[in-house]
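Thanks for coming. Please look at the sequence and structure on the screen, and I will go through a few parts.

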Amino acid sequence: MRLRTVVSMAALAALLAPALPAWNHVGHKAVAGLAYQRLTKKARARVDALIRRHPDYALFTQGAPSDEKEKARYVFMQSAYWPDTIKGDPRFYDEAKSDAAPTPVLPGFSDMKQRRNWHYINVAFSNDGTPVPDPPPVNVLSQLKMILAAVGGDAPAPGSVPAEQDPVYLLPWLLHLAGDIHQPLHCATRYKKDQVNPANGKPWSDLGGNTVNVVGAFNLHAFWDDALGIADTPTFIDGLIKFLDRMPKEKPPTTDPGVWVQEGFKLSKEVVYSFGETGGSREDPIRFEETYVMRAKDLARKRAALAGHRIAVILNRTFDR
């Protein structure tokens with residue numbers, strides 16, 4: 001499969017302000033929580049120690065329970081959403097913007113970049129022959145490969161090496177991006193001849209469903225982000241984790257991010273975009289049938305369960321040695 005993606009990062013940054021995440025708080029916390037309870041004792045101790053060294057550890061602990069074991073679990077789950085929170089944090093800046101102004105580097109960080117282009121790959125497709133572009137070199141797949149190679153190494157002094165080489169900085173990114181890539185719309189985007197760039201009138205991408213309007217949701221991408229639920233409470237998230245934990249386990253587990261992208265791309269074409277080729281404008285938003293909604297929720301749970309299981313396998317393999 002030839003990987004293809006959407007428009008340039010400059011155009012994407014201009015259109016998505018702010019860019020939407022994959023899964024919401026609930027989804028990322030549930031995936032991380034599922035992974036955490038499947039860690040071995042040794043692996044859990046090592047990832048806990050790594051996260052305690054993160055320069056934003058104090059942020060992760062806000063609202064944490066006092067019990068040390070519960071606190072460690074809470075922090076692990078909070079850290080998994082951190083790469084999305086920094087998109088709206090004034091301490092960080094969007095380096096992809098043409099007028100980007102770097103913000104001051106704070107203690108423990110090597111830079112303050114938001115790294116929005118790490119979150120997706122959005123392999124492009126078209127059902128009507130519309131030409132589609134190739135992917136940029138930096139995307140969720142390239143970065144996950146980089147992170148997996150670096151995260152098991154020795155942790156240097158905070159901020160003493162580039163972020164791309166720092167396991168302390170990269171661990172929350174691993175948790176987050178492994179969750180992102182299991183949301184199908186972070187692996188696919190559709191082109192259509194009648195879907196045009198307002199700047200030049202040429203066909204272009206729907207930006208991973210971000211420009212497809214949906215009744216009852218902000219857009220198609222947001223609909224899928226929320227498919228695991230929107231109740232960001234410990235009771236709901238713990239219940240979701242228990243539900244996901246009861247789902248069938250993958251044997252043997254697939255730990256190749258390239259395969260995860262292929263899965264997401266295939267599911268996007270077969271399920272996410274199964275509503276058809278018409279509609280989705282502001283004047284004619286998509287109204288999903290109940291069967292589509294139920295299928296989406298079922299698929300979201302399956303993908304989240306896979307993500308949590310696969311993350312645990314990777315972390316155990318990396319840290320239990």
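Predicted model: local features only at pLDDT ≥ 70, side-chain atom pairs only at ≥ 80, totals over all residues.

Residues are numbered from 1 along each chain as its sequence is written, and side-chain values use heavy atoms, with hydrogens and water left out.

We start with the core. In soluble globular proteins, nonpolar side chains tend to be buried together. A nonpolar core here is a set of buried Ala, Val, Leu, Ile, Met, Phe, Trp, Tyr and Cys residues joined through side-chain atoms within 4.5 Å, and buried means under 20% relative accessible area, with a 1.4 Å probe and protein chains only. The largest such core has 83 residues, and Phe76, Leu220, Trp224 and Leu315 have the most contacts inside it. Helix α12, residues 290-319, gives the most to this core, with 13 residues. Helices are DSSP runs of H or I with at least four residues, strands are runs of E with at least two, and both are numbered from the N terminus. Leaving out residues up to four places away in sequence, Leu220 touches a list that includes Leu185, Val272 and Tyr292; contact means heavy atoms within 4.5 Å.

Next, helix α7, residues 140-150. Its buried residues are Val140, Leu141, Gln143, Leu144, Ile147 and Ala150. The cover over them includes α8 and α11. At the N-terminal end, Asn139 is the cap, with a side-chain oxygen 2.9 Å from the backbone nitrogen of Leu141.

Where is His186? It lies in the loop between α8 and β2. His186 is buried, at 3% relative accessible area. Its side chain makes a polar contact with the side chain of His221, at 3.1 Å. A polar contact is a pair of N or O atoms within 3.5 Å; within protein, one must be able to donate a hydrogen and the other to accept it, and residues adjacent in sequence count only if both atoms are side-chain atoms.

Last, the linings. A lining residue has an atom within 4 Å of a point on a 1 Å grid over the protein atoms alone; a cavity is a set of points where a 1.4 Å probe fits but cannot get out, and a pocket is an open set with protein on both sides within 12 Å along at least five of seven lines. The lining of the second largest pocket includes Lys29, Tyr74 and Asp238, and α5 gives the most to it, with 5 residues. The second largest cavity has Phe109, Arg115 and Tyr169 among its lining residues.

How values were computed
Buried < 20%, exposed > 50% of the residue type's maximum accessible area, 1.4 Å probe, protein only.
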